[in-house]
Amino acid sequence: MSRGSVELVDIADRDLPEAKAFLERNPDTSLFLLSNIRAFGTRLGDSVYSGNLRGLRKHGELRAVFCLTRGGTLVAQTAGCAEFAPEILEACAREPMTIRGVLGEWRITKAIWDLLVAAHTLRPTFVSKEISYRFDETKPLPPIATAFHIRLLNEDDHKQWDELAVAFQRESGLPAPGTRDQRKSAFVRSVGLHHWWGAFEGDCLVSLAAIIAMHETMAQIGSVFTPREQRRRGLSRAVMTKLMRDARLDQQLDKLFLFTGEENAPARRLYESLGFESFGHFGLFFGE
């Protein structure tokens, strides 16, 4: 595809250094793309998170990198420029998957979503302008909670994890990420990388938090969830403080990012009390 001076390109091995350099200039909103490249490469594979990595050049300069994953989520980075939404959608129309969601930096994702809705391509089921937060791991860490048993999850925790993960998706309004088998495959891979933490009462898993994307020494935190009946006990704080400490001491990370809805006051209070600072917005859009 070439429209005027905008040219669609497949990101092949020879283009990857340029694409990664482009994404690394905006790491806070590029971690999903960078993490997926690291884990699954640049082509569509079996994983629900894999996809064909594409780019857009304008006057020869790379100005956009995006990927429609097997699960139907379009992840896009344009460094804040919304003008490339039509070209991105045109390119995605050639993929074997249908767009079910869009996530990334606010301006481009909102522009893409508005075009999808205007074309009656899908019916919105979840729309959120998320507040982005970051934490510099060189800062003093919050004190770790000792009242609960917090540990990394392992493969034997899958059944309980899946129940909580599905409950989180239902409560938040987000779609479940793939089939049960696809979720299990992703979970097994993640626990192998030490990316899931949980709080336990006896043998019962009662709270979760995870690294959901990572690149070099930066990570995106997500899936922070405690069931409603277990809340107001400090469980999410306990899991987060353990995650933050392990991220620094065991995984040598120096920056953590996360995002949460503008209206989610309890989550915002928690993250800010842990030392996270707000700095921008992230778009989460899903439909059917």
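**Close-up 1. The side chain of threonine 42 and the backbone of isoleucine 11 in the predicted model.** A polar atom of the threonine 42 side chain lies 3.5 Å from the backbone oxygen of isoleucine 11. Threonine 42 sits in the loop that runs between helix 2 (31–40) and strand 3 (51–58). With a relative accessible area of 9%, threonine 42 is buried, because the cut-off for buried is under 20%. Leaving out residues up to four places away in sequence, threonine 42 touches Ile11, Leu16, Gly51, Asn52 and Leu53.

**Close-up 2. Threonine 78 in the loop between strand 5 (73–77) and helix 3 (85–92).** The relative accessibility of threonine 78 is 3%, so this residue counts as buried. A polar atom of its side chain lies 2.6 Å from the backbone oxygen of cysteine 81. Residues up to four places away in sequence aside, threonine 78 is in contact with Phe22, Arg63, Ala64, Phe84, Ile88 and Ile108.

**Close-up 3. The buried residues of helix 8 (residues 265–273).** Ala267, Leu270 and Tyr271 are buried in this helix. They lie on the same side of helix 8, because the arc they cover around the axis is only 90 degrees. An α-helix has 3.6 residues a turn, so residues three or four places apart point the same way. The cover over the buried residues of helix 8 includes strand 11 (218–225), helix 7 (235–249) and strand 12 (255–261).

**Close-up 4. The two ends of helix 8.** At the start of the helix, a side-chain oxygen of asparagine 264 comes within 3.3 Å of the backbone nitrogen of alanine 267.

Technical notes: Residues are numbered from 1 along each chain as its sequence is written. This is a predicted model: local features need pLDDT of at least 70, side-chain atom pairs count only at pLDDT 80 or more; totals for chains, interfaces and linings use all residues. Side-chain values use heavy atoms; hydrogens and water are left out. Helices (H or I, at least four residues) and strands (E, at least two) are DSSP runs, numbered from the N terminus. Buried means under 20% relative accessible area, exposed over 50%, partly exposed in between (1.4 Å probe, protein chains only). A polar contact is a pair of N or O atoms within 3.5 Å; within protein, one must be able to donate a hydrogen and the other to accept it, and residues adjacent in sequence count only if both atoms are side-chain atoms. Contact means heavy atoms within 4.5 Å. The arc is that of the directions from the helix axis to the C-beta atoms.
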